[in-house]
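Me: I'd like to go through a protein model with you, step by step. Can you show it to me?

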Amino acid sequence: MSCRRSAIINISTLISSMEKCPETFEMAQMYSYRTSKAALNMLTCCQAEDLKIHNILVTAIHPGWVRTEMGGEQVRVWKLVCLITCAVKQ
């Protein structure tokens with residue numbers, strides 16, 4: 001990974017996807033969590049638009065199921081999956 005460019009990396013989640021809501025709703029009906037992360041996704045896109053003139057990369061990632069109080073002890077695997085990228089293509 002290169003450090004030749006400034007970047008903003010927001011931590012989001014796949015359950016904030018409006019497209020995936022029908023398939024993820026039953027497993028996680030956390031309205032406030034889902035909507036706040038959906039708002040973060042929009043912020044990510046807005047930041048990308050605003051900061052592209054400065055060549056700043058802005059993206060959101062989904063780290064997978066993470067072992068935390070919220071995630072629980074049953075977490076076995078850490079994954080890092082790109083959720084959305086609103087960066088300027090060069």
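Below are some questions about this model, with answers.

Reply: Before we start, this is a predicted model, where local features need pLDDT of at least 70, side-chain atom pairs count only at pLDDT 80 or more, and totals for chains, interfaces and linings use all residues. Residues are numbered from 1 along each chain as its sequence is written, and side-chain values use heavy atoms, with hydrogens and water left out.

Me: Okay, what pattern does the protein follow along the sequence?
Reply: We go by DSSP runs, numbered from the N terminus: helices are H or I with at least four residues, strands are E with at least two. The protein has two helices and three strands. Read along the sequence, they give β-α-α-β-β.

Me: How much of the protein counts as buried?
Reply: Buried means under 20% relative accessible area, exposed means over 50%, and partly exposed is in between (1.4 Å probe, protein chains only). The protein has 90 residues, and the share of them that counts as buried is 34%.

Me: Where is Met-42, and is Met-42 buried or exposed?
Reply: Met-42 sits in helix α2, which covers residues 31-51. Its C-alpha atom is 9.9 Å from that of Ala-60, 18 residues apart along the chain. Because its relative accessibility is 54%, Met-42 counts as exposed.

Me: What kind of aromatic pair do Phe-25 and Tyr-31 make?
Reply: Rings of Phe, Tyr and Trp (its six-membered ring) pair if their centres lie within 6.5 Å; planes under 30 degrees apart count as stacked, over 60 as edge-to-face and the rest as tilted. The structure holds one such pair. The ring centres of Phe-25 and Tyr-31 are 5.8 Å apart and their planes stand at 75°, so the pair is edge-to-face.

Me: Which residue forms a salt bridge with Glu-49?
Reply: A salt bridge needs a side-chain nitrogen of Lys or Arg within 4 Å of a carboxyl oxygen of Asp or Glu. By this rule the count is one. Glu-49 is partly exposed at 48% relative accessible area. The closest N and O atoms are 2.9 Å apart, and the partner of Glu-49 is Lys-52.

Me: Last one: is Lys-52 exposed or partly exposed?
Reply: Look at the relative accessibility of Lys-52, which is 37%. With that value, Lys-52 counts as partly exposed.
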